[in-house]
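Welcome, and thanks for taking a look at this one with me. Below are some numbered points to read alongside the picture.

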Amino acid sequence: MGFDRRRLKALFYLRGRLTLRQFSGEQGRIVNVLVAVLFILPLVLGAAVATGIGYFQLPDRWPGELLGVVLTVIWLIWLVFPIIFSSLNEGLDVTRLLVYPLPRRELIAAILLGTLFDYPTYLMLPLFVAILVGWGGGLALPVVLLALALSYIHAVLIGQFVITAVGGVLQSRRFRDVAIVVASLLGVSCYFIQMGSMRLLENVVASLSPEQASAFSPLAALQWLPTGAAARAIERAASGYWGESLFWLGYSTLWAAAITWGWQRLLIRLTTGEGFLFSLPPRPEKQKMKAASGVNWPRLFAWLPDDIVQLAYKELRSLWRTPNRRVGVLQMFIMPLIMGGAFIFSGEEVATELPAWIGIGLPVYALFNFWALTQNMLGWEGSGLSALLTTPVPRQRIFLAKGLALTAAICLPYLAVCVLVLFLAPNWQSVMGALTGLIMGVAGMAVTAVFSVRFPMLIVVENKQMGKRAGGGCQASLASLLLLPPIFGLVALPPFLPLALAFWLNLPWLGWVGLIVGGVYAGVVFWFGAQYAGRLLLQREAEVIATLRQPRDE
Amino acid sequence: MSVPAIETVNLTRRFDKKTAVDQLNLTVSPGEFFGFLGPNGAGKSTTINMLVGLLRPTSGIARINGIDIWQEPLAAKRQIGVMPEGLNLYQRLTAREFIRFAGTMYGVPQQEVNRRADELLELLDLKGDDADKLIIDYSHGMRKKTALAAALVHGPSVLFLDEPFEGIDAVSGRAIRDVLQQLRNRGATIFFSSHILEVVERLCTRVGVIANGRLVAEGTIPELRERAQRGEAATLEDLFLHAVGVDEEGATEKRLSWLS
């Protein structure tokens, strides 16, 4: 049962090349990885140091319990990780290799070797080093090394097993759409989740009686899982129970053999054309898009030109149907929850302690939403932009329609928050703050419209990976980072001044007058902004299309 | 003399050091079905993109019905329908939504655009559930038909099609051919690039051959035969290979040593 070393080498190199080439031509991804590593590495190092100290400092049986939790968590992360990031690297996709006459053992070996190119693999190392330092002293060292090797194999094995089992689901557009939204929202809600989990843990621990606490042993349950067994083997070896240690090592090895066998069966299914074990069934007919056949709600806007209504309608649909855009909309809902969550979990008496002037802060929330949702308007058109620009539609109408649609989309979460604020602080400042926020946002859109033409940035709208792939020249990146925010703020500021003055001098009438003047100002500024952006687009259409050309990955 | 439907004067496009289209002079009369041929990378798509206002020429002029598309883009774009190589569809719209959207952008009244969309969907066999599925879930052929329907919905006087028959099955190909024939009978000008010479031979009234960015042959198929001094038996493939300078005899000599 030999391996063809040349073939194995070729597969290994293929994986290496694909890993490296995902960065070539898209240097932005290097930044993404660096940011992720910079974010995660300190966490992992911190966890390694903390667990390392725990192995030495915790009393009685708790170092062993901790070891069991660490190895099981690593295994669970690897179980979930491939589901979320399966499209990170083409090399993970076994189905692409099935056209070649590869023996399954080589396929399995190549896939396992290929995991060396997954950078998260190396994030396990600090935790393994901590285990080695904490438990590797003395005669237990060979057992620790063996158990760690087993744990590593278990981690990568379970990842591949999951991919092969549910590959059909992972490859479906519906799963991808949902996963993009869930993964992004999870990222945003990290703080919220962390605070909630801490609270829950505190409550659970506080509710345990001393007897329950002393009998609490996670390892007693975790030892039956593949890496929990490895942890138990280490713990037993450290206590000098070599027989038990060998038993648990054997048990863990049996798990590895069983998963490998199961994985091989799944690969056989794939190679014989039976497909994945799990794949999403076709969507029932009734759930398919009913779309435009009967719906004609644009009639509500019959007073507007047809093309503006259609453009706005398309924008709203795309806003909801494109996962990466939907994330933006959902984030607008989640933002106030997170901000509110910070209050709630800080233990403050929120409802009764809100200052009367809280409504004055509403424009900040409105401006953030307008800024986030309306920047790079043309970039979000995706491959449809060329189709749109081959039509003779007056270009300023594109921006007027987008402004209309995006304002409507922002209004939904914004008004919900405004109602909440009004409920908590029912006064003229809240009403005026709410309206001023909207007005300021509309004025600011004039700036984002012009910037979207002057500094367009590529967004791969139908990106199959989690998160957004974005590109664009250095000039465009700098402009969106350094120029856009101050100009956006500056243009949006005038309607806020009468509100601030009215609050300062306690003259509500001044606020109302300011609101009317501000409304006219915002309307005029946005109108002229759209006209200018339209003229600019007409002059720069070829350049904008060249910058925003989508890669052919359909 | 009538104004040409399509006219280019010394149309040139350079990408860095490479000249993709070099001093292209081309005239297509109203009502013509013009086939634009060339090997891969010859400059066909670059030319079409310059003609429809998607790619700015380095120099030269491109006119549609006498209107310079780079001087008066909106006026020129009112005359044309485009099915570009990359199709450029809004993938999160359904075919029905996309066709209606395109029609509205060209100023077709709402009721009319709905009626035309339904007819086009029926004609191109995208009726029923298919019409209301997202384009992202479509097969290649369905996408092509959707793009064609969107290019036709306003009844353009000049239609640009970049590789309309590439990668589609015989049934879809037949549907597209029939629609194009109908459009031509109505007097529209059709400018299309294709690798499928058999289709070009059957449909086109005149062809142009581009190689290395230069127009190397132009005329009706009998004219090309005459110029190439080939007999009646010469197919368009023979004429094409001759025009792009591929020596057929030489080609057969180039054999793979390990296959003999």
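Leaving aside neighbours within four places in sequence, which residues is B:Ile80 in contact with?

1. Let us start with that residue. B:Ile80 is in contact with B:Val52, B:Ile64, B:Ile69, B:Tyr106, B:His154, B:Pro156, B:Val158 and B:Phe160, once neighbours within four places in sequence are set aside; contact means heavy atoms within 4.5 Å. B:Ile80 lies in strand E6 (residues 80–83) of chain B, and counts as buried at 0% relative accessibility. Buried means under 20% relative accessible area, exposed over 50%, and partly exposed in between, with a 1.4 Å probe and protein chains only.

2. A word on what you are viewing. This is a predicted model, in which local features need pLDDT of at least 70 and side-chain atom pairs count only at pLDDT 80 or more, while totals for chains, interfaces and linings use all residues. Residues are numbered from 1 along each chain as its sequence is written, chains are lettered from A and ligands numbered from 1 in the order in which they are written, and side-chain values use heavy atoms, leaving out hydrogens and water.

3. Now chain B as a whole. Chain B has 10 helices and 10 strands; helices (H or I, at least four residues) and strands (E, at least two) are DSSP runs, numbered from the N terminus. Of its 260 residues, 57% count as buried. Among contacts in chain B with a separation of 6 or more, 65% are between residues 24 or more positions apart.

4. Next, the core. The largest nonpolar core has 155 residues, and those touching the most other members are A:Phe399, A:Tyr414, B:Ile6, B:Phe160, B:Leu180, B:Phe191 and B:Phe192. Such a core is a set of buried Ala, Val, Leu, Ile, Met, Phe, Trp, Tyr and Cys residues joined through side-chain atoms within 4.5 Å. Helix H20 (residues 428–454) of chain A gives the largest share of this core, 14 residues. Apart from it lies another core of 53 residues, including A:Leu107 and A:Ala256.

5. Most residues other than glycine have a negative phi. Phi of B:Gln23 is near 50°, a positive value in a residue other than glycine; B:Gln23 is found in strand E2 and counts as partly exposed at 39% relative accessibility. Phi of B:Asn65 is near 50° as well, again a positive value. B:Asn65 sits in the loop between strand E4 (59–64) and strand E5 (67–68) of chain B, and is partly exposed, with a relative accessible area of 26%.

6. B:Asp22 is found in strand E2 (residues 18–28) of chain B. B:Asp22 is buried, with a relative accessible area of 18%, and touches B:Leu11, B:Thr12, B:Gly213 and B:Arg214, not counting residues up to four places away in sequence.

7. Lastly, a helix pair in chain A. Helix H17 (residues 362–374) and helix H19 (residues 395–424) of chain A pack at an angle of about 155°, with their axes 10 Å apart. That makes H17(A) roughly antiparallel to H19(A), a term for angles over 145 degrees. The residues of this contact divide into 14 nonpolar, 3 polar and no charged; Ala, Val, Leu, Ile, Met, Phe, Trp, Tyr, Cys and Pro count as nonpolar, Asp, Glu, Lys and Arg as charged, and the others, Gly among them, as polar.

Methods: Axes are lines fitted to C-alpha atoms, for helices over the stretch in contact, and angles run from 0 to 180 degrees between N-to-C directions. Angles under 35 degrees count as roughly parallel, over 145 as roughly antiparallel, 65 to 115 as roughly perpendicular and the rest as oblique.
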